Amino acid sequence: MTGSSKASFCSMKDFLKQTGGFAVIDGGLATEFERHGADLNDPLWSAKCLVTSPHLIHSVHLDYLEAGADIISSSSYQATIQGFQAKGFSIEESESLLTKSVEIACEARNTYYDKCGTSSSMDDIILKKRPILVAASVGSYGAYLADGSEYSGIYGDSITLEKLKDFHRRRVQVLAESGADLIAFETIPNKIEAQAFAELLEEGDVKIPGWFSFNSKDGVNVVSGDSIKECIAIAESCEKVVAVGINCTPPRFIEGLVNEIEKVTSKPILVYPNSGESYDAERKEWVENTGVGDEDFVSYVEKWMDAGVSLLGGCCRTTPTTIRAIHKRLVNRRSH
Ligand SMILES: [Zn+2]
């Protein structure tokens, strides 16, 4: 796994054995790009940076690795062939932008390994050669719509399972061939899209596994109102799903959701909550000061590990500082 972008990752359980039972996922990408001055007020959101500022993407990936992330996610959450085409790109260009998102993450991993060879860790910078996974991020159909419907999960009656599969198919195929170790299906808002992803993963030409991560706004169900247990059960019955869990959900809801998830899965459980701030879908921005600080966020980490979570990170509005704090907690836990 080390050094090569063509890894033979196939089992999260084996990966977790190598990382001491727990692993750190990176934090928010788009909100971190914005913190560095990128203007993402665009239907492509973070994917816009693939065109305008690939260097920024590389540098944020590297920041997360130096903060202790064992898994980094590509900047393809909102990158879709249909979305790029609407911006005037050809199909070929759109596909190569998808591939590029994973290539940038793999390059950042290589840069990181090179740095590990030449310097040693300091207080704030962790330079340790270790197995690192690159996950190709796939956001929901609602993320492509860019109208906030990944936070409602309401796609309307005209959206069928087949339509969702057709929408995602080529994108998933391209990302599966991009050099990523796995696909992170993220912020899945409803059951029907989970089903679509599960069926796509099982189609013959997708050779890498994936993880399924849902979001919730009430701590009981996924955002559409579908049962979290039913959603996880879909992932559970798909052999190519290597971990399941929750992302982009306020920290206060996580423990209760994990307790439910555990009842229906034998797969490793992941959580990467947002900072707890609320998102104003109409204005397309996060409402300042409605969330929890890094210290509060991290105070939950022990509870989540006690509840059975083995992969931990952050989503929107979390930063390398959040990830560094999670990493420290995990190192303490591993040594006990
Ligand atoms: Zn998020």
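So, helix α10, residues 228-236: I228, C231, I232, I234 and A235 are the buried ones here, and by buried I mean 20 or more other C-beta atoms within 10 Å of the residue's own, with exposed at 12 or fewer, partly exposed in between, and C-beta atoms placed from the backbone. As background, an α-helix has 3.6 residues a turn, so residues three or four places apart point the same way.

Before I go on, this is a predicted model, where local features need pLDDT of at least 70, side-chain atom pairs count only at pLDDT 80 or more, and totals for chains, interfaces and linings use all residues. Numbering starts from 1 along each chain as its sequence is written. Helices (H or I, at least four residues) and strands (E, at least two) are DSSP runs, numbered from the N terminus.

What does the buried side of α10 pack against? That would be α9, β5, β6 and α11, counting a contact when two C-beta atoms, placed from the backbone, lie within 7 Å.

Now β5, residues 210-214. Five of its five residues are buried, so the strand is largely enclosed by the rest of the structure. Both faces are covered, with G210, F212 and F214 on one side, and W211 and S213 on the other. On to its partners, where pairing takes at least two DSSP bridges between two strands. β4, residues 182-188, runs parallel to β5 and is joined to it by four bridges, with I183 opposite G210. β6, residues 241-247, is also parallel to β5, over five bridges, and there W211 faces A243. The chain gets from β5 to β6 through α10, in a right-handed β-α-β crossover. Right-handed means that, with the strands pointing away from you, the path from the first strand over the helix to the second runs clockwise. β4, α9 and β5 form a right-handed β-α-β unit too.

Which residues touch the most other members of the largest nonpolar core? L175, I183, W211, F212 and L312, out of 103 residues. A nonpolar core here is a set of buried Ala, Val, Leu, Ile, Met, Phe, Trp, Tyr and Cys residues joined through C-beta atoms within 7 Å. Helix α6, residues 91-118, gives the largest share, eight residues. Beyond its neighbours within four places in sequence, I183 has contacts including V138, V172, L175 and I208.

Next, the cysteines. An unreviewed UniProt entry puts a "binding site" at C248, C315 and C316; its positions are in the numbering used here, feature names are shortened, and annotations may be inferred rather than shown by experiment. The three are spread over 69 residues of sequence, yet their largest C-alpha distance is 6.4 Å. C315 is in the loop between β10 and α14, and C316 is in the loop between β10 and α14 as well. C315 is buried, with 27 other C-beta atoms within 10 Å, and C316 is buried with 22. Among the contacts of C315 are G28, N247 and C248; C316 has G28, T31 and W286 among its own.

W45 is not a glycine but has a positive phi of about 45 degrees, and W45 is buried. A146, also not a glycine, has phi near 55 degrees, and A146 is partly exposed, with 17 other C-beta atoms within 10 Å.
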